[in-house]
Amino acid sequence: MQIPISRRFLVINPNTNALTTRRLQEVLTSCLPENVHLEFTTAVFGANYIACEASHVVASHACLAAWADHNKMASTQIDGVLIGCFGDPGLFALREVAAYPVTGLAEASFIQAAKLGPFSIVTGGERWKPMLQRLAMSLGYSDQLKHIETVTATGAELQANPQMAIECLKKACEEAFKSDVRTIILGGAGLAGYAQEIQKLISLPVIDSATAGLEVLINKQVPMSLRKEHGTYAQWTGMSDSVERLSR
């Protein structure tokens with residue numbers, strides 16, 4: 001009997017909220033195959049929960065820094081990175097510098113949803129709509145994304161109040177249930193695990209962005225890195241040692 005080769009992935013929470021990291025850890029470790037291991041890290045600067053353009057751009061820097069810090073200290077080989085935020089901050093930068101596959105909760109969800117046809121998104125935080133529209137366009141999914149339904153509560157608020165979250169998200173999913181949509185993405189690290197409960201209440205398939213991220217990485221459905229070793233092309237000033245040492 002052939003023993004499966006063990007694979008290890010890094011999950012980066014670009015929010016500074018350790019509770020969100022813990023939620024991701026609880027949800028993802030509960031559905032891990034035997035031969036897959038996860039490591040988790042949390043941004044050390046930026047927003048407690050990313051909810052606007054300013055916090056998103058800072059989170060991109062924080063995500064890159066968190067990855068570089070982990071890479072500097074890592075004692076074991078990593079096979080890929082999952083950005084644990086539905087806005088995928090730092091996705092394109094990490095994909096440029098890392099010598100293994102990188103994806104985020106949003107891209108992974110788009111990959112899964114697009115296989116079924118047009119899709120809608122339900123997420124927390126009203127400022128996310130234009131940000132997600134831009135990301136979908138950048139990743140080539142703007143034609144399949146038919147609707148974005150945002151709720152007033154942020155992902156952090158939804159994470160903190162499960163009963164309110166289920167009621168609020170159910171209503172939002174019903175609004176996102178358009179005639180030409182084949183699936184709904186429940187997006188957000190703070191919403192990880194809620195899709196299973198929402199699925200009991202509506203007939204359209206619901207995708208959990210957190211588990212989608214893990215599944216897409218494990219199944220090698222994201223672009224492979226063209227690099228043989230990690231590195232950046234910039235010459236840095238005033239950055240952390242772990243980032244500066246990546247310069248080639």
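Q: Before anything else, how is the radius of gyration taken here, and what is the globule rule?
A: The radius of gyration is taken over C-alpha atoms, and the globule rule is 2.2 Å times the number of residues to the power 0.38. This is a predicted model, in which local features need pLDDT of at least 70 and side-chain atom pairs count only at pLDDT 80 or more, while totals for chains, interfaces and linings use all residues. Residues are numbered from 1 along each chain as its sequence is written, and side-chain values use heavy atoms, with hydrogens and water left out.

Q: Okay, so what does that rule give for this chain?
A: For 248 residues a compact globule would have a radius of gyration near 18 Å, and the protein chain agrees with that, having 17 Å.

Q: And how much of it is buried?
A: Of the 248 residues, 52% count as buried, where buried means under 20% relative accessible area, exposed over 50%, and partly exposed in between, with a 1.4 Å probe and protein chains only.

Q: Which residues of helix H4 are buried?
A: They are Leu-105, Ala-106, Glu-107, Ala-108, Ser-109, Phe-110, Ile-111, Gln-112 and Ala-113. Because nine of the 10 residues of H4 (residues 105-114) are buried, this helix is largely enclosed by the rest of the structure. Helices (H or I, at least four residues) and strands (E, at least two) are DSSP runs, numbered from the N terminus.

Q: Switching to the sheet: what is the strand order, and is the pairing parallel or antiparallel?
A: Four strands form an open sheet in the order S6-S5-S7-S8, with parallel pairing; two strands pair if DSSP finds at least two bridges between them. The edge strands, each pairing on one side only, are S6 (145-151) and S8 (206-208).

Q: How many bridges join S5 and S6?
A: Strand S5 (residues 119-124) pairs with S6 over six bridges, in the parallel sense, and Phe-119 has Leu-145 in S6 as its bridge partner.

Q: Which helix lies across those two?
A: Helix H5 (residues 128-139) lies across S5 and S6, and runs at about 155° to S6. Axes are lines fitted to C-alpha atoms, for helices over the stretch in contact (heavy atoms within 4.5 Å), and angles run from 0 to 180 degrees between N-to-C directions.

Q: Last topic, how many disulfides turn up?
A: A search of the whole structure finds zero disulfides, a disulfide being a pair of cysteine sulfur atoms within 2.5 Å. For Cys-85, the nearest cysteine sulfur is that of Cys-63, 8.6 Å away.

Q: Is Cys-85 buried or exposed?
A: Cys-85 counts as buried, because its relative accessibility is 5%.
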